[in-house]
Amino acid sequence: MSLSSRQAQHMIQEAPIAIAHHRLLVDDNGLPCDYEILSVNQAFEEMMKLSAGKITGRRMSQLFPQMVGSAFDWIGFAGEVALKGGRQVTEQPMFSDEIWHRVVVESVGDGCFTFYISEITMEKRLIAISEKLLTMPQGELDAQWVADEVRFISGAKYATFDLYRPDGRSSVTMAVSGTHGHVEKASRILGFNLVGKVWTYNESMIERSRGAVVREGLRMRDLMDDSVPAAVIYVIEKTFGIEEMVAVSIEKDEKLIGDFILIMAKGNKLQNHNLVEIFARLAGMSLERKRIERVLKESEEKFRSFFATAPGGLTIRSVETGELLDANPAALAMSGCDTLEEMKAINEWAGPPYTMERGVEIFRQAVEAGAQRFEWLARRADGTTYWQDVLLTIVEIDGVKRALANSLDITRNKEMQREIEYLSYHDQLTGMYNRRYYEETLNRLEKEGILPLSLVMLDVNGLKMANDVYGHQIGDELLRRMALILESVCTQSEICARIGGDEFIILLPEKDAAAAKVLEEKVLQAMAMDEESPIPLLAAVGCATKTHERQDVLEVLRQAEKRMYEHKFNQRQFI
């Protein structure tokens, strides 16, 4: 049985993503020229900071004139779907250049269509931050940019970026992020400029800097040295409403390089704890790289001393043959060798395309075009492989051109990038694939013409009641148990995803309706036998199959959803 109008409206209103229904408007030539907003859900109101009454009934061009003049053709994008049917997905800045959204537009017939909108600003920004930190050209790190980014990620009101001095007992503030007028006012109260201020650490402060990368629950007096009187600290805290501060260590190979001091607004806590820690590690790697690059600019007479002591892996090779001529201790340690002779004897080339022949090609490019920067997969003495970030330059040693490779082990960074990608495609609560992964996979299977293609939809019963009666922890545990059950009954070729609050879906490529029905029964049996859930786990299930190319997969999806709600209705009738 299909949902009642009231049930459908309730689902739309409670949806976590912004939803808006529109009617396309066309000009005298029948071409799309605007669209009228018919209805919106609560998430859309919150996103726009406007009530539905001030949104509905108005034209897009009246309410969002910036969209009309944007580089992306929003009217044409939606108009094509409204006139031709189907659905399209795009990722664009929608209402302002600073905020990115993933927008799905879907035709609902009669010239009407629906926007499903979710913000992806943080996701986009994290990828951009990672790329910028790891590929920033030679030169000084942009300290103000670093401070601004960590403040954005953490949700802090203010942030400082401090680097330790060589003595290890003092640091200097490189940048301060926050409202400019507030920073100036704080400097006047303190009696000195914050940027460039040298802070001296006492033993207790040094001890607190060890241990956890992120240290929360600190007060300003914990982080200020003796040059700032207690009365001034009190005035600063009261003037700017400061309660809690967070210190984030910037490290490289367990060596403290600096820290971020995050000043939280009153009543606020640190946001995105794991991402702040990842950002600090990336900053540490980048700072270490900048230090090595500065050392490489020193004069040739200091070269040998630097070569022997540099923390980065340095190797010298023949430009013509790729033969290893010398390696510093860091490069030997990176390759798992104790001596240069041992490193020369191992097969350090990981295999195609990471071969000696390819290496010699890059050496020649460096001779002709200048320094080359690239990632390279190398082999250690024990046969394992690791990733290097390589800066290759051509130097003259005793009048002969040699290839000097400055390498950093970025294997851990690669893992962190995979972690960011994992977070983009997985549901944080259950660890399953999320809606984004499901939609992209469904689109790929459609393009590849995979048939038959079956879909199994599930809706966990009573989740809202469980949240209201037992608390959200019990509701969350129900969802996690549902995820474990689905993963236990599905094969590797079957794709499970959580696509909404209590909704799950399984894609079965090259599986017919009979296979989908078998899987449906397995899910129901597994739920019936489950003894781990805090309360009985029940779900409505429905399946459908696309069997020929012209069949609309959205119609197949609606058919599976219809059967799921028929199952839910029958369950209620039985109860």
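Predicted model: local features only at pLDDT ≥ 70, side-chain atom pairs only at ≥ 80, totals over all residues.
**Entry: overall layout**

I noted the secondary structure of the protein chain as 22 helices and 20 strands. I then took the span of the C-alpha trace along its principal axes, which came to about 85 × 65 × 65 Å.

**Entry: helix α17**

I picked helix α17, residues 411–425, to check its length. The helix has 15 residues and reaches 21 Å from its first C-alpha to its last. That is close to the 21 Å expected at 1.5 Å a residue. I also listed its buried residues, which are T411, N413, K414, M416, I420, S424 and Y425.

**Entry: salt bridges**

How many salt bridges does the structure hold? I found 26. The background I wrote beside this is that side chains of opposite charge can pair when their charged atoms come close. I followed up a few of the pairs.

The side chains of R480 and E477 meet in a salt bridge, at 3.4 Å from N to O. I looked at where the two sit: they are three residues apart in helix α20 (residues 472–489), and therefore about one helical turn separates them. An α-helix has 3.6 residues a turn, so residues three or four places apart point the same way. R480 is partly exposed at 32% relative accessibility. E477 is partly exposed too, at 28%.

Next I took D530, which forms a salt bridge with R481. The closest N and O atoms of this pair are 2.5 Å apart. D530 lies in the loop between α21 and β20 (539–546), while R481 is in helix α20, so the pair ties together parts that are 49 residues apart in sequence. Are D530 and R481 buried or exposed? I found D530 buried, and R481 likewise.

The next pair I checked was K562 and E566, a salt bridge with its closest N and O atoms 2.5 Å apart. Both residues belong to helix α22 (residues 553–574), and because they are four residues apart there, about one helical turn lies between them. K562 is partly exposed with a relative accessible area of 43%, and E566 is partly exposed with 25%. I also recorded a network: R87, R435 and E439 are joined by salt bridges that share partners.

**Entry: surface patches**

Which residues form a positive surface patch? I wrote down R219, R221, K238 and K266. Of these I located K266, which is in the loop between β11 (255–263) and α12 (273–296). K266 has a relative accessible area of 60% and is exposed.

I also looked up a nonpolar surface patch, made by M465, V469 and Y470. Its area is about 360 Å². V469 lies in helix α19, residues 463–470. At 55% relative accessibility V469 counts as exposed, because the cut-off for that class is over 50%.

**Entry: backbone points**

I went through the cis peptide bonds next. One runs from P352 to P353, with omega near 0°. P353 is placed in the loop between α15 (340–345) and α16 (356–369). Another cis bond runs from L451 to P452, with omega near -10°. I placed P452 in the loop between α18 (435–448) and β17 (453–460).

Then I turned to positive phi values. D110 is not a glycine, yet its phi is positive at about 55°. Where is D110 placed? I found D110 in the loop between β4 (99–109) and β5 (112–119). Its relative accessibility is 78%, so D110 counts as exposed.

E510 is not a glycine either, and has a positive phi of about 60°. I located E510 in the loop between β19 (503–509) and α21 (513–529). With 57% relative accessibility, E510 counts as exposed.

Conventions. Residues numbered from 1 in each chain as written. Heavy atoms only, no water. Patch = residues over 30% accessible without salt bridge, like charges linked within 9 Å, V, L, I, M, F, W, Y side chains within 5 Å. Areas by Shrake-Rupley, 256 points an atom, 1.4 Å probe, with all protein chains shown as cover. Salt bridge = Lys/Arg side-chain N within 4 Å of Asp/Glu carboxyl O. Lys, Arg positive; Asp, Glu negative; His and termini not counted. Charge placed at Lys NZ, Arg CZ, Asp CG, Glu CD. Buried < 20%, exposed > 50% of the residue type's maximum accessible area, 1.4 Å probe, protein only. Expected span 1.5 Å × (residues − 1).
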